[in-house]
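Please open the structure in your viewer and keep the selection panel at hand. The tour moves from one selection to the next and says what is there at each stop.

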Amino acid sequence: MKKILVTGGCGFIGSTLIKYIINKTKHSIVNIDNLTYAGNLETLISVKKNIKYKFHKIDICSSSKIKKIFHIYKPDIVIHLAAETHVDRSIDNSKKFIETNILGTHTMLEESTKYWLQLKDKKKNNFRFHHITTDEVYGDLDQNAKPFTENTPYAPSSPYSASKASSDHLVRAWHRTFKLPILITNCSNNYGPYQFPEKLIPLTIMNAIAGKKLPVYGNGEQIRDWLYVEDHAKALLHVALNGKVGESYNIGGQSELKNIEVIRAI
């Protein structure tokens, strides 16, 4: 049985992961989330009183608070999900993305490394820092191009994807320099219950119901792979428990569509 520290656990993917772990496994969860616009405690009401679940409202940029969490709970695995994630918001205000996605990840790496270095024997050998990121770090997928692989060169095209690419490089650097046992997973576009309504699928549905103009980013020709969030949650736990230290894993749904095709289907 593992004690898992999840950052950003009140977000769309994080809350789905936590409910899966609490309901389907014997592992326990410590959830830290700053409860910004995308964090919603109501998504976790069903596990709120479970003895395997703890929540703390914390900004991942606060090193003193993160250090305290490590000291109190002594986690076996960190699953780092906390991030600013919306492309349009990153264009309007890139600073917050730099702060959370880069500086916040730096704080988590620093405190995780300090904690890991003082562990002993089996607990030290079994510790993992699992960083969750996005396939958008690879850039745009051309219509006739093959799907992204773990060896695809990074080519971020927005402040959001650039900030996530930066955080990925930091995680790899901490593994190379300090030997921190890391795992990285790059996921494609998630969809499913409780997704924040500014994302493409829920926003399109709500606008269609209200008779409003449907959202199209640019010309709508961008190709993304779509992944059901509960499938993603299962894959995340599998990698956290079984992944090879230092490796990156792409998690996708093998459902590549242009954004305009998704909108038309809805």
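Bear in mind throughout that this is a predicted model. Begin by selecting helix α1 together with the elements around it: the buried residues of α1 pack against the strands β1 (3-7), β2 (28-33), β3 (53-57), β4 (77-80) and β7 (189-191), and also against α8 (229-242). Helix α1 is mostly covered, with 10 of its 13 residues buried, and among those to highlight are Phe-12, Leu-17, Ile-18, Ile-21 and Ile-22. If you then turn to the ends of α1, residues 12-24, you will find their C-alpha atoms 18 Å apart, which agrees with the 18 Å that 13 residues should span at 1.5 Å a residue.

Next, select Cys-10, which counts as buried because its relative accessibility is 1%, below the 20% cut-off. A search of the whole structure finds zero disulfides; Cys-10 is accordingly in none, and the nearest cysteine sulfur, that of Cys-61, is 17 Å away. Cys-61 itself is partly exposed, with a relative accessible area of 32%.

Finally, move to strand β5, residues 128-134, and select Thr-134, a residue that counts as buried at 5% relative accessibility. A polar atom of the Thr-134 side chain lies 3.0 Å from the backbone nitrogen of Glu-136. To see what else surrounds Thr-134, leave aside its neighbours within four places in sequence and display Tyr-160, Lys-164, Asn-186 and Cys-187, with which Thr-134 is in contact.

Terms used. Residues numbered from 1 in each chain as written. Predicted model: local features only at pLDDT ≥ 70, side-chain atom pairs only at ≥ 80, totals over all residues. Heavy atoms only, no water. Helix = DSSP H or I, 4+ residues; strand = E, 2+ residues; numbered from the N terminus. Expected span 1.5 Å × (residues − 1). Buried < 20%, exposed > 50% of the residue type's maximum accessible area, 1.4 Å probe, protein only. Contact = heavy atoms within 4.5 Å. Disulfide = S-S within 2.5 Å. Polar contact = N/O pair within 3.5 Å; in protein donor to acceptor, adjacent residues only side chain to side chain.
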